[in-house]
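Subject: Structure handover

Hi,

Here is the structure I promised. Please open it alongside this note.

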Amino acid sequence: MKKSVYGTILLVLCWTACLWAQEKTPEVKPDKDPWIGKYCMSIFTKTRTAKTVGKDRLALAIKFLANDFDEAMDSSGCYRDFKNGDHKQVYTATTIAKYGWAKNHHLALGVPYIWNNSKIKGDTFNNNGIGNIFVFEKWNFVQETNTTPAVAVDVWHYFPTGNSIRKVGSDDYAWKFTTEISKAWKDFNIHINPGYCISQGRDNDIIEGNAAIVFTPCKTFWPAIEYNYTYKECKGRCSDLIPGIIWKFTPDASFKIGPVINLDSSMKYRDDIGLIMKLCYIF
């Protein structure tokens with residue numbers, strides 16, 4: 001009898017101790033929340049993220065940008081609507097391939113094709129052709145955690161494959177250096193890109209500042225807002241805002257679309273609203 005009483009008391013004490021220890025043991029959180037790194041490699045026109053394609057994986061994308069310029073700057077620095085049948089339409093389709101040759105690295109090759117249909121003060125340009133082909137290496141050297149952002153750097157080289165006389169790209173080659181800073185939370189992620197382009201010929205250096213916020217209310221449709229600032233030495237500046245949609249129709253594919261709204265410009269020509277569309281698939 002005594003043994004059974006002692007056994008019951010011991011069992012109760014052990015059970016109480018287990019419950020107390022369970023309450024006192026801190027909850028172990030995972031190293032990374034499930035949304036960390038769950039964003040595209042790029043957003044709309046210029047903003048990119050710190051993400052790379054992944055080792056031994058290949059990404060193919062095509063980007064289509066349409067600009068139907070509305071105004072030209074006159075000698076007094078004011079924008080005026082085109083007159084006497086003048087117009088300027090520039091459409092660019094860029095095909096991009098990215099290959100992950102090592103962990104957190106990828107190489108990319110881009111080939112832009114430009115259609116230029118313009119008539120300015122009696123001079124007509126109705127040309128098309130390959131613009132400046134580019135390559136770049138991307139290195140995601142700081143990995144994102146629950147509390148710290150991911151950071152990547154790019155080194156770009158632009159080849160002199162354009163034709164400035166035919167208004168389809170540039171005859172000069174250039175180098176560009178960019179940084180991508182990305183941080184994700186459960187309902188949104190933020191990306192910031194400073195960049196600097198050094199021209200090796202007659203063209204001028206370019207300063208870039210790009211940023212985006214992507215909202216993730218569900219797995220397939222992500223509303224996003226992108227902001228791009230460009231300053232081209234001796235030629236002016238422009239600021240664009242792109243509110244758009246990213247449609248992740250499969251885990252490895254996306255379609256992006258949005259209007260390119262000009263906020264401010266001191267360039268020679270200004271397009272109030274353009275259009276950007278992108279299609280990407282990762283193999």
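Is Glu-71 buried or exposed? Glu-71 is buried, because its relative accessible area is 12%, and the cut-off for buried is under 20%. Bear in mind that this is a predicted model.

Salt bridges

There are nine salt bridges in the structure. In one of them, Glu-71 pairs with Arg-270, at 2.7 Å from N to O. Glu-71 sits in strand 2 (residues 71–73) and Arg-270 in strand 15 (residues 269–270), so this pair ties together parts 199 residues apart in sequence.

Another salt bridge joins Arg-237 and Asp-264, with their closest N and O atoms 3.0 Å apart. Arg-237 belongs to strand 13 and Asp-264 to strand 14 (residues 253–265), so parts 27 residues apart in sequence are tied together. Both ends are partly exposed: Asp-264 has 30% relative accessibility, and Arg-237 has 34%.

Lys-55 and Asp-56 also meet through their side chains, at 3.3 Å from N to O. Arg-48, Asp-154 and Glu-180 are linked in a salt-bridge network.

A buried lysine

Look at Lys-98, in strand 4 (residues 87–102). Lys-98 is buried but has no salt bridge. The nearest side chain of opposite charge is Asp-154, 8.3 Å away. Leaving aside neighbours within four places in sequence, the contacts of Lys-98 include Met-41, Val-53, Arg-57, His-106 and Phe-136.

Nonpolar cores

The largest nonpolar core has 11 residues, among them Cys-40, Phe-44, Trp-222, Ile-246 and Val-260. Strand 11 (206–215), strand 12 (221–232) and strand 13 each give this core at least two residues. A second, separate core has nine residues, including Ile-96, Phe-134, Phe-136 and Ala-174.

Back to Val-260. Not counting residues up to four places away in sequence, Val-260 touches Thr-45, Leu-65, Asp-240 and Ile-276, among others.

Nonpolar surface

Which residues form the nonpolar patch on the surface? They are Ile-62, Phe-221, Ile-245, Trp-247, Phe-249, Ile-257, Leu-275 and Leu-279. Together they have about 660 Å² of accessible area. Strand 13 (236–250) and strand 16 (273–282) are the elements that give two or more residues to the patch. Strand 13 gives the most, with three. Leu-279 lies in strand 16. Leu-279 counts as partly exposed, at 41% relative accessibility.

Best wishes

Note on methods:
Residues numbered from 1 in each chain as written. Predicted model: local features only at pLDDT ≥ 70, side-chain atom pairs only at ≥ 80, totals over all residues. Heavy atoms only, no water. Helix = DSSP H or I, 4+ residues; strand = E, 2+ residues; numbered from the N terminus. Buried < 20%, exposed > 50% of the residue type's maximum accessible area, 1.4 Å probe, protein only. Lys, Arg positive; Asp, Glu negative; His and termini not counted. Salt bridge = Lys/Arg side-chain N within 4 Å of Asp/Glu carboxyl O. Contact = heavy atoms within 4.5 Å. Patch = residues over 30% accessible without salt bridge, like charges linked within 9 Å, V, L, I, M, F, W, Y side chains within 5 Å. Areas by Shrake-Rupley, 256 points an atom, 1.4 Å probe, with all protein chains shown as cover. Core = buried A, V, L, I, M, F, W, Y, C linked by side-chain atoms within 4.5 Å.
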